Amino acid sequence: MTDEGSAAETTASDATEPVTAGPGSPEPPLPYADRPVATAPGHWVLARAGKRVLRPGGAALSAAMLEHAHLAGADVVELAPGLGRTAAEVIAADPASYIAIDRDPDAARRVAAVVGDRGRVRRGEAANTGLPDASADVVIGEAMLTMQGDKAKAAIAAEAARVLRPGGRYAIHELGVVPDDIDEARYTELRKDLARAIHVNARPMTAAAWGQLLQEAGLVVDWVDTAPMALMKLGRNLRDEGLGGFARIARNVIADRELRQRMLTMRRTFKRYEQDMVGIALVAHKPE
C-alpha cells in the first residue's frame with residue numbers, strides 16, 4: 001500500500017519533476033524510515049520487515065489485473081508505484097512507454113532504479129500529474145485509492161480519466177469490503193480498527209462502491225475480481241515472496257522486538273476482519 005494522501009499537495013510544476021537513479025547509486029531509504037516502527041504507516045512497516053508485495057490481493061491478483069489492462073505496446077502511467085514491484089512487471093510486458101508518478105522522493109528513486117532507461121519517474125500528485133490530456137493508454141494504481149477520502153478518490157479517478165485516450169484502461173487493485181450490503185456499524189468498526197492498526201486513515205469500499213467511483217469518473221467497468229486479503233498469512237507470503245523472501249521477513253521480525261510487536265498488532269486486526277475484507281481489482285475503459 002502507498003500513503004498518497006498523507007502530505008500536502010504539490011504544485012503542477014512539482015508534478016513534472018523528473019527523478020533519476022544512476023548506475024551504482026546507493027539504495028534510497030524506505031519511505032518513513034525516520035519514523036518509529038510504532039507510528040509508521042503499516043505498509044511501510046511491512047516493507048521494513050522485508051515484504052516486497054504490498055498489495056491486498058497479492059501478486060496473483062495484480063498479475064490478472066495487468067493482463068486485462070493489455071500493456072504490450074501501450075503508453076502506461078503508474079500512480080504511486082511504491083517499491084516498484086508492479087513497475088518491473090509492466091516493463092517486462094514491453095509497453096511503448098512507462099511513466100511513474102510518486103510524491104515520495106525515496107519511493108520515486110527506488111522505482112527509477114527498477115525501471116532504469118526503460119521508463120521515466122516523476123515526483124508529483126496522483127490527482128495532479130501534470131501529464132497532457134489523452135496521453136496514456138493505461139493508467140495503473142494499486143493500494144493507494146484506499147488511503148484517500150471520498151473527494152480525493154474522485155479527484156484521482158478523474159485525473160486518470162483525463163490522462164487516458166479514448167479506449168484507454170484504468171486498472172486499480174485496492175482493499176475491498178464484503179458484502180455490498182455490509183452492516184454499517186460493522187463497516188465503521190472495521191474502518192476505525194484498521195486505521196488504529198496501520199496508522200493510516202484507510203477507507204476500503206465495497207465492490208459496488210469501487211465500480212461507482214469509476215463510473216462517476218466517466219469510465220466503463222470491464223472486469224472485476226477479488227482475492228482474500230491475506231497480506232500476513234503464511235501461504236500468501238510464501239507464494240508472493242518466495243522461500244528466500246519469506247526467510248528474510250522471518251529473520252527481520254525475530255530479530256526486532258518492536259517490529260514484531262507492531263506486526264502482531266496488525267495481524268490481529270486483519271484476522272478479526274478477515275471475513276469482511278478482500279483484495280479487489282477492477283479494469284475500466286474510457287469510452288470512445
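View 1. Strand 2 (75–79) and helix 5 (150–163) each give at least two residues to the lining of the second largest cavity. Helices (H or I, at least four residues) and strands (E, at least two) are DSSP runs, numbered from the N terminus. Helix 5 brings the largest share, 3 residues. This is a predicted model, where local features need pLDDT of at least 70, side-chain atom pairs count only at pLDDT 80 or more, and totals for chains, interfaces and linings use all residues. Residues are numbered from 1 along each chain as its sequence is written, and side-chain values use heavy atoms, with hydrogens and water left out.

**View 2. Here is the cavity itself.** Its volume is about 30 Å³. A cavity is a set of points on a 1 Å grid over the protein atoms alone where a 1.4 Å probe fits but cannot get out, and lining residues have an atom within 4 Å of a point. Among the lining residues are Val 77, Leu 79, Thr 129, Leu 131 and Glu 159.

View 3. Thr 129 sits in the loop between strand 4 (120–123) and strand 5 (136–142). Thr 129 counts as buried because its relative accessibility is 2% (buried means under 20% relative accessible area, with a 1.4 Å probe and protein chains only).

**View 4. Now for the side chain of Thr 129.** Its partner in a 2.7 Å polar contact is the side chain of Glu 159 (a pair of N or O atoms within 3.5 Å; within protein, one must be able to donate a hydrogen and the other to accept it, and residues adjacent in sequence count only if both atoms are side-chain atoms). The Thr 129 side chain also reaches the backbone nitrogen of Leu 131, at 3.2 Å.

Notes:
Buried < 20%, exposed > 50% of the residue type's maximum accessible area, 1.4 Å probe, protein only. 1 Å grid on protein atoms, 1.4 Å probe; cavity = no way out; pocket = protein on both sides within 12 Å on 5 of 7 lines; lining within 4 Å. Points joined across faces, edges and corners; volume = space filled by probe spheres on them.
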